[in-house]
Amino acid sequence: MNLKTYTTGIQHIGIPTNDIEKTIEFYQKIGFEIALRTVNEEANEKVAFLKQETLVIETYENKAARMESGAIDHVAINVKDIKEIYQYIEKMQMNTTNDEIHFLPFWENGVKFFTIEGPNKEKIEFSQYL
């Protein structure tokens with residue numbers, strides 16, 4: 001399954017990390033590609049821009065990431081078929097939160113979503129407008 005078939009992307013965020021390779025590996029498993037790898041010479045940090053559709057994550061290895069929930073609440077990825085994505089995440093054993101698909105009466109017809117946790121304790125939400 002290719003997650004790009006089921007997502008449309010949304011926004012750009014920055015995520016500090018203590019292990020850039022682990023972070024890159026995690027995001028690649030959920031459909032991201034490396035757009036650019038570089039080094040911030042001034043800060044002496046490895047940097048990677050990971051892209052999926054219009055969503056770009058800038059992750060930088062600063063060895064000072066707090067590794068706790070709260071600094072970034074979540075990244076919401078818009079999906080076309082929440083059930084297909086949920087099955088994929090389950091198959092890849094990435095449902096670290098043991099979350100289920102939820103419904104909220106937002107927008108015109110509601111939204112279904114579920115959340116997993118990334119390697120830096122950031123929340124990744126998969127969300128489908130109904």
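**Burial, fold and contacts**

Guide: Of the 130 residues of the chain, 42% count as buried, where buried means under 20% relative accessible area, exposed over 50%, and partly exposed in between, with a 1.4 Å probe and protein chains only. This is a predicted model, in which local features need pLDDT of at least 70 and side-chain atom pairs count only at pLDDT 80 or more, while totals for chains, interfaces and linings use all residues. Residues are numbered from 1 along each chain as its sequence is written, and side-chain values use heavy atoms, with hydrogens and water left out.

Visitor: What is the mean pLDDT of the chain?

Guide: The mean pLDDT is 85, and 92% of the residues reach 70 or more; pLDDT is the predictor's confidence in each residue, from 0 to 100.

Visitor: Which strands make up the open sheet?

Guide: The open sheet of four strands has the order β5-β8-β7-β6, with mixed pairing, and two strands count as paired if DSSP finds at least two bridges between them. Its edge strands are β5 (74-78) and β6 (102-104), each of which pairs on one side only. Neighbouring strands of this sheet are turned by 30° against each other on average, direction ignored, with axes fitted as lines to C-alpha atoms (for helices over the stretch in contact) and angles running from 0 to 180 degrees between N-to-C directions.

Visitor: How do β6 and β7 pair?

Guide: β6 and β7 (residues 111-117) pair in the antiparallel sense over three bridges, and His 102 stands opposite Phe 113 in β7. Helix α2 (residues 82-91) packs on the sheet, touching β7 and β8 (123-129), and its direction makes about 15° with that of β7.

Visitor: Switching to rings, how many aromatic pairs does the structure hold?

Guide: The structure holds four, where rings of Phe, Tyr and Trp (its six-membered ring) pair if their centres lie within 6.5 Å, and planes under 30 degrees apart count as stacked, over 60 as edge-to-face and the rest as tilted. One of them is Tyr 27 with Phe 32, edge-to-face at 5.3 Å centre to centre and 85° between the planes; both of these residues are buried. Another is Phe 114 with Phe 126, stacked at 5.2 Å centre to centre with 25° between the planes, and this pair links distant parts of the chain, Phe 114 in strand β7 and Phe 126 in strand β8, twelve residues apart.

Visitor: What about Ile 116, buried or exposed?

Guide: Ile 116, found in strand β7, is buried, with a relative accessible area of 0%. Leaving aside neighbours within four places in sequence, Ile 116 is in contact (heavy atoms within 4.5 Å) with residues including Phe 26, Ile 30, Ile 89 and Phe 126.

Methods:
Helices (H or I, at least four residues) and strands (E, at least two) are DSSP runs, numbered from the N terminus.
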